[in-house]
Amino acid sequence: MKKNLDTICLHGGWKPTKGEPQQLPIYQSTTFKYETSEQMARLFDLEDNGYFYSRLANPTVDAVAKKIAALEGGVGCVLTSSGQSANFYAVFNICQAGDHFITSNNIYGGTFNLFGVTMKKLGIECTFIDPDWPDERIEQEFRPNTKCFFGETISNPGGNVFDIERFAQMAHRHGVPLIVDNTFATPINCRPFEWGCDIVTHSTTKYMDGHATQVGGAVIDSGNFDWEGGKFPGLTTPDESYHGLTYTKAFGKMAYTTKLVAQLMRDLGAIASPQNAFLLNLGLETLHLRMARHCENAQRVAEWLEQNPRVSWVNYAGLPSNKYHALALKYMPGGTCGVIAFGLKGTREDAIRFMDNLDFISIVTHVADARTCVLHPASHTHRQLSDEQLREAGVAPDLVRLSVGIESVDDIIADLQQAMEKMG
Ligand SMILES: *Cc1c(COP(=O)(O)O)cnc(C)c1O
């Protein structure tokens with residue numbers, strides 16, 4: 001039976017039968033037992049499905065991966081130990097030394113560094129483009145060795161909306177897949193595969209978990225991209241480390257996912273633990289309820305901030321005045337997310353004073369949590385930079401990132417109000 005997303009949040013993945021636990025069990029085991037040596041050998045040859053070692057597959061982790069695949073509408077999903085490893089694996093699965101890829105520059109700072117610094121050391125080059133540039137300008141950046149295009153549905157921390165359909169078409173014109181980090185929107189608010197995106201990634205640390213209990217990531221494949229054509233020999237020619245097996249021939253639509261597990265998990269091992277997968281699954285059970293409330297609360301807070309004389313600017317795509325509002329309505333008609341970026345009139349010190357005055361709204365590095373939290377990049381994540389360097393890095397010195405939670409919105413606004421009044 002085809003189910004709606006709200007039902008998949010509860011029933012996706014783990015399907016207990018007679019006498020089995022209703023809640024997903026934690027298979028806290030590194031290894032799995034077989035009756036004969038032959039059974040085990042077939043698993044190692046990828047000729048049979050089954051569990052043998054939790055670096056490659058674990059029943060708890062698998063069940064949660066299946067739920068996320070169903071939520072995104074993909075054919076396969078791999079959970080990783082963090083959002084960082086998810087983005088690394090998603091790209092590294094189809095790029096090697098000497099290759100190149102293109103990314104939007106409106107992306108999470110950690111991803112920016114991974115792509116621009118660490119992957120460069122591996123011999124993979126990346127070009128950062130401004131998604132506001134016209135098509136002709138961006139298309140100049142494609143090279144014969146370009147292997148993918150990357151963007152974030154809603155960028156962290158700026159809150160810009162990525163034009164998924166436009167960039168999927170552009171990537172496909174050049175024979176490469178579009179990878180979208182869908183962390184802030186979640187599949188409840190946006191399903192990038194429906195707009196032509198080929199691979200989706202997540203930091204499950206954020207809304208999917210929602211309770212700040214585990215760091216994790218996910219890579220989901222739509223199964224729609226055609227890897228044949230010569231650009232992706234890693235998928236279409238024999239893998240000598242797996243007895244000369246060719247992923248596209250042996251696994252069809254599961255080629256990308258199988259390669260990611262068989263090579264990257266096998267050799268690099270950034271796995272999700274069964275405990276963490278269990279906690280993530282509890283979060284997923286209420287994702288649909290929480291996202292609706294995050295969006296409803298953030299909308300009210302953004303409107304309140306926009307008319308507040310102490311506030312110099314507000315970036316929230318749910319506001320009709322926002323530059324990205326039309327894109328938000330197209331891709332996320334039910335709401336975007338709970339994260340708002342805004343500027344307070346005054347200096348860096350004023351922003352610090354405002355945050356120190358807050359009552360229950362917490363100062364944390366985390367974002368997209370059930371509890372409202374706040375961060376001032378200029379005095380936290382980017383504190384070593386001067387105001388000028390901050391602007392160059394695309395972070396306004398007065399930018400406050402407010403992650404609106406699911407508390408009473410009246411209390412959230414009251415806390416913001418009293419903290420501003422105490423600034424004098
Ligand atoms: C947090 C975040 C990441 C990194 O995820 P971790 O789980 O912290 O490793 C990647 N992308 C986006 C959009 C994020 O918000």
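Begin with helix α3 (residues 59–72) and helix α12 (residues 274–284), which pack at an angle of about 35 degrees with their axes 8 Å apart. Helices here are DSSP runs of H or I with at least four residues, strands are runs of E with at least two, and both are numbered from the N terminus. Axes are lines fitted to C-alpha atoms, for helices over the stretch in contact, and angles run from 0 to 180 degrees between N-to-C directions.

Now select T60, V61, V64, K67, I68 and L71 of α3, then P274, A277, F278, L280, N281 and L284 of α12; these residues make the contact. Contact means heavy atoms within 4.5 Å. By class, the residues of this contact are 9 nonpolar, 2 polar and 1 charged. Ala, Val, Leu, Ile, Met, Phe, Trp, Tyr, Cys and Pro count as nonpolar, Asp, Glu, Lys and Arg as charged, and the others, Gly among them, as polar. The crossing of α3 past α12 is left-handed. That term applies if the near helix is turned anticlockwise from the far one by less than a right angle; clockwise gives right-handed.

A word on the source: this is a predicted model, where local features need pLDDT of at least 70, side-chain atom pairs count only at pLDDT 80 or more, and totals for chains, interfaces and linings use all residues. Residues are numbered from 1 along each chain as its sequence is written, and side-chain values use heavy atoms, with hydrogens and water left out.

Next, select helix α4 (residues 83–92) and helix α11 (residues 255–267). They pack at an angle of about 110 degrees, with axes 10 Å apart. So α4 is roughly perpendicular to α11. Angles of 65 to 115 degrees count as roughly perpendicular, under 35 as roughly parallel, over 145 as roughly antiparallel, and the rest as oblique. Show Y89, A90 and F92 in α4, which meet Y256, L260, L264 and M265 in α11. The residues of this contact are 7 nonpolar, with no polar and no charged ones.

The crossing is right-handed. Look for Q84, N87, F88, V91 and F92 in α4, meeting G110, T111, L114, F115 and M119 in α5. This contact has 6 nonpolar, 4 polar and no charged residues.

Two backbone stops follow. Most residues other than glycine have a negative phi, and most peptide bonds are trans. Which bond is cis, with omega near 5 degrees? The one from N156 to P157. P157 lies in the loop between β4 (146–152) and α7 (164–173). Then go to T186, in helix α8 (residues 186–189). Its phi is near 65 degrees, a positive value.

Finally, colour domain 1 (5–283) and domain 2 (289–421). These bounds come from an automatic or database domain assignment. In contact are 31 residues of domain 1 and 27 residues of domain 2. The two domains bury about 2,400 Å² between them, 58% of it on carbon and sulfur atoms. Buried area is the accessible area (1.4 Å probe) that two parts lose on being put together, summed over both. End on V161, N189 and Y207 of domain 1, which lose the most area to domain 2, together 31% of what that side buries.
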